[in-house]
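Here is a quick tour of a protein fold, written for someone who likes to know the cut-offs behind each term. Have the viewer open and follow along.

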Amino acid sequence: MKKIVSAPYIDQTARWVNGCESISSVMLLQAVGIPIDPDVFIERDLPHAPYWEQEGRLYGPDPMFVYPGDPHDHTGYGCYAPCIVQALQSALKHEGAADRFEVLDVSGETAAQLCRFIDEGMPVVFWATLDFTPVPEERDHWLLADGTDFAWKCHEHCLLLVGYDEENYWFNDPWHDHGVCAQPKELVGLNPMAIRKSGIAMSFVPEDRLGMGLVGSMGMTGNMMLRSWRKGGGIFLDRKDPEALANRIWQELEVVTPSTSFPVRRMSGGNVQKVLVGREIAQQPAVLMTAYAVRGLDINTSYTIYNLLTEQKMK
C-alpha cells in the first residue's frame, strides 16, 4: 500500500543553493498549513552566523546549533537537527502556531520508524547525502569558538520524507528540481558495504575523480585491482583479470595513454573519467550512482560518458 502525505514542493537550486535544511523545513511548515516564505524563515528563524578569521585561522559556528555561512550562496554549508528544531520552534511562535504543534528531535531513528509520522499525516525533515550516495572521505575543516577542530562531512543533504510503499520511501528532494522521488527501502540507511552484502551490486562514480575514485600514482591495472582485491584469499593479488580489464577499457573507450601502467594522474581529465566510468560499469552493477559525471570535460568526451551511462541504464 502506498501512502503519500501531500506537501508543497520547493526547488532550492536557484535561490537557496545551500539551503536544503531550510527549504525542507519550509515545505514541512507549508504542508501543515503555515504559509511561510523561505527567506523569512532563513532571516528570522534560522540561527546562522558567518565565519571569521583570527590569527590567520578560519573559525566558524557549530552546525549542531548554528548554520555556518549563508544558505543563499556557496559560503554556506549546512546544519543538523538541533539547529532546525530551534528554527521550527521560532517559526511556529512567530506564526502563532506554537500551541498547535510540537517539534520533536528523533535523530537516530530509522526511516521505517519515522513512517509512524507519515501514518499520522505528518512529513519528516530527513538528513541524508546528495542522491543518497556514499559519504565521501573528504572533510572540510574550521575551528569552533573554543578552538576545537570541526570536520564537516561533505555532500550532506536534507530532504522531506513524505511517504512510503512496499518497496520505497518517498521524499520531496529540493535539490536540482528532483521533485517527489523514491529511494529503495533496502538502500536507505545502509552503508556501501552493507548494501553489497545484501546482494545488490553497486558502483559509484564520484565527483572527485582522483581523490575518491582512482589512485593517481597508479596505472590503469592498479586501479582495476582496487575493485577486486577483496576477492583474494591471501596477501598476494592476481593481476591477470585486472590487466585484462584495463586493456579492454583502454581499447574500447579509446583511452589516450602510453600503457596500462602509466600513472592516471598524468592523463587528461577526460581519459581519467573514461577509466573510472569503465571500471565501475564493468562491475555490472544493479545500482550505478554518479556525481557530476561530465564536469570539466570536452564535448566529445562528455558524449562518450553520457552514452556509456545511457547504455548501462537501458540494460
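## Ground rules

A contact here means heavy atoms within 4.5 Å. Helices (H or I, at least four residues) and strands (E, at least two) are DSSP runs, numbered from the N terminus.

The model is predicted, so local features need pLDDT of at least 70 and side-chain atom pairs count only at pLDDT 80 or more, while totals for chains, interfaces and linings use all residues. Residues are numbered from 1 along each chain as its sequence is written, and side-chain values use heavy atoms, with hydrogens and water left out.

## The whole protein

The protein has 10 helices and 13 strands. Its C-alpha atoms fill a box of roughly 70 × 60 × 40 Å, taken along the principal axes.

Of the 315 residues, 48% count as buried; buried means under 20% relative accessible area, exposed means over 50%, and partly exposed is in between (1.4 Å probe, protein chains only). Looking at contacts with a separation of 6 or more, 60% of them come from residues 24 or more positions apart.

## Helix 1 by itself

Helix 1 covers residues 20-31.

Helix 1 is mostly covered, with 10 of its 12 residues buried. The buried ones are Cys 20, Glu 21, Ser 22, Ile 23, Ser 24, Ser 25, Val 26, Met 27, Leu 28 and Leu 29. They pack against helix 2, strand 5 (67-68), helix 3 (81-94), strand 6 (124-129), strand 9 (156-164) and strand 10 (168-173). Just after helix 1, Gly 33 takes a positive phi of about 95°.

## Helix 1 meets helix 3

Helix 1 and helix 3 pack at an angle of about 40°, with their axes 11 Å apart. Axes are lines fitted to C-alpha atoms, for helices over the stretch in contact, and angles run from 0 to 180 degrees between N-to-C directions. The two helices are therefore oblique to each other: angles under 35 degrees count as roughly parallel, over 145 as roughly antiparallel, 65 to 115 as roughly perpendicular and the rest as oblique.

Helix 1 passes helix 3 in a right-handed crossing. A crossing is right-handed if the near helix is turned clockwise from the far one by less than a right angle, and left-handed if anticlockwise. On the helix 1 side, Glu 21, Ser 25, Leu 28 and Leu 29 meet Ile 84, Leu 88, Ala 91 and Leu 92 of helix 3. By class, that contact has six nonpolar, one polar and one charged residues. Ala, Val, Leu, Ile, Met, Phe, Trp, Tyr, Cys and Pro count as nonpolar, Asp, Glu, Lys and Arg as charged, and the others, Gly among them, as polar.

## Helix 2 and its two partners

Helix 2 (residues 38-45) packs against helix 1 at an angle of about 115°, with their axes 9 Å apart. Helix 1 and helix 2 are therefore roughly perpendicular, and their crossing is right-handed. Pro 38, Phe 41 and Ile 42 of helix 2 meet Ser 22, Ile 23, Ser 25, Val 26 and Leu 29 of helix 1. That contact contains six nonpolar, two polar and no charged residues.

Against helix 3, helix 2 packs at about 110°, with the axes 10 Å apart. That makes this pair roughly perpendicular too. Phe 41, Arg 44 and Asp 45 of helix 2 make the contact with Ala 87, Leu 88, Ser 90, Ala 91 and His 94 of helix 3. Its residues divide into four nonpolar, two polar and two charged.

Most residues other than glycine have a negative phi. Glu 55, though not a glycine, has a positive phi of about 55°. It lies in the loop between strand 3 (52-54) and strand 4 (57-59), and is exposed at 77% relative accessible area. His 155 also has a positive phi, near 70°. His 155 sits in the loop between strand 8 (149-153) and strand 9 and is buried, at 16%.

Where is Leu 253 found? It is in the loop between helix 8 (240-252) and helix 9 (269-281), and counts as buried at 12% relative accessibility. Not counting residues up to four places away in sequence, Leu 253 touches Arg 248, Lys 274, Gly 278 and Leu 308.
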